[in-house]
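Please look over the structure shown below before reading on. The paragraphs that follow lead through its cores, its strands and its pockets in turn.

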Amino acid sequence: MSRRPAPPPPRGARTHRTRSSSRARGWLRHHRAMALDSAWRLLRTPIGSLVTMLAIAIALVLPAALWLTLDGARLLDAELTESATLTAYLEHHVDEAQAERIEEALAAHEGVGRTRLITATEGMAEFQQALGLADALGRLEANPLPASVVVTPADPSPVAVRALAGELEAMTGVEEVRLDLAWIERLRHLAELGRRVALALAVLFGGGVLLVVGNTIRLAVENRRKEIEVVTLIGATHAFVRRPFLYSGAWYGLGGGLLAWGLLTLGSEWLAAPVAALAASYGASFSLPRLGVDGSAMLVGCSILLGWLGAWIAVSRHLAEVKPR
């Protein structure tokens, strides 16, 4: 009796795993090849590529510079808000002992951070020094200035400061509470206006980046129309055809983002000394904000994303018009 050969062991699962891994390796190889090929095509036309990247950089520098300026204004606003104070003028008949007790009562208020008592004598001395009228004011028979308490609120927001002023003015011995928040509110309104302008410019120039990259990629598609028709005839998918152009858009975005970062860095270094000198002339210290690691990564990342998106829109639009003949 002849013996039948044993059937081969099942290999379906192993074959499926091998094919899946082969497809994944092929997909990665094609991505790597397309990334290198698109970079090489950009390097073969350095002038045209540099002009496109420079146009992207200029479109990104303007809103980014405005945003940095607003960030510096926001830091300055925070410092000015922290220095906002109230002045509680005490009644004229209050003597120094009573003024100290009133200051203790004000300091015990939950909305008060710090207090500083200025007696009537100290107030007159500061007034004489500020105006330079020591001789004239020294001839007065009585000191017309009341004692006052400078109050630093715990919450410097305008709403909380106004509420605190009303509460302090109702306390015994306090005649009037004065505060000046108009300049802080004007600064905040200007900052809000600047943020909206920066957002509008970012959207507008972002659209400009899309147009620049899209027009460049459209020309590349037209130059490679014959090649696209051939690969489409042999069964290439739209994703396969689109891939090199998407990498080209990403390279344009990367170059534009790096150029924008360089321009912003050079501009900050160039303006740092005049800004510091101007701030020092007013007795303050102020330095221009820098992008930092996070800001730089965001700028370059947004540039790459805009380049990729512009290429995707351009290729998707013109790929439908490319029909193999």
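**Cores, strands and pockets**

The largest nonpolar core has 25 residues, and of these Leu 60, Val 209 and Ile 217 touch the most other members; such a core is a set of buried Ala, Val, Leu, Ile, Met, Phe, Trp, Tyr and Cys residues joined through side-chain atoms within 4.5 Å, where buried means under 20% relative accessible area, exposed over 50% and partly exposed in between (1.4 Å probe, protein chains only). Helix 2, helix 7, helix 9 and helix 10 are the elements that give two or more residues to this core, and its largest share, seven residues, comes from helix 2. Helices (H or I, at least four residues) and strands (E, at least two) are DSSP runs, numbered from the N terminus.

This is a predicted model, in which local features need pLDDT of at least 70 and side-chain atom pairs count only at pLDDT 80 or more, while totals for chains, interfaces and linings use all residues. Residues are numbered from 1 along each chain as its sequence is written, and side-chain values use heavy atoms, with hydrogens and water left out.

Once neighbours within four places in sequence are left aside, Val 209 is in contact (heavy atoms within 4.5 Å) with Ile 56, Ala 59, Leu 60 and Leu 306. A second, separate core of 18 residues includes Leu 86, Ile 102, Ala 165 and Val 177.

Strand 1 (residues 86-90) and strand 3 pair in the antiparallel sense over four bridges, two strands being paired if DSSP finds at least two bridges between them; Ala 88 has Val 149 as its bridge partner in strand 3. Strand 1 is also joined by four bridges to strand 4 (residues 174-178), again in an antiparallel run, and there Tyr 89 has Glu 176 as its bridge partner. Strand 2 (residues 112-118) runs antiparallel to strand 3 and is joined to it by six bridges, with Ser 148 of strand 3 as the bridge partner of Ile 118.

How much of strand 3 (residues 148-153) is buried? Six of its six residues are, and both faces are covered, with Ser 148, Val 150 and Thr 152 on one side and Val 149, Val 151 and Pro 153 on the other. Strand 1 is mostly covered as well, with four of its five residues buried.

On a 1 Å grid over the protein atoms alone, a cavity is a set of points where a 1.4 Å probe fits but cannot get out, whereas a pocket is an open set with protein on both sides within 12 Å along at least five of seven lines, and lining residues have an atom within 4 Å of a point. The largest pocket is lined by 21 residues, of which Ala 64, Trp 67, Met 298, Leu 299 and Cys 302 lie nearest its centre. Helix 2 (46-82), helix 7 (182-223) and helix 10 (292-319) each give two or more residues to this lining, and helix 2 gives the most, with eight.

The second largest pocket has a lining of 15 residues, of which Arg 41, Leu 42, Thr 45, Ala 220 and Tyr 252 lie nearest its centre. Two or more residues of that lining come from each of helix 1 (12-44), helix 2, helix 7 and helix 9 (238-281), and helix 7 gives the most, with four.
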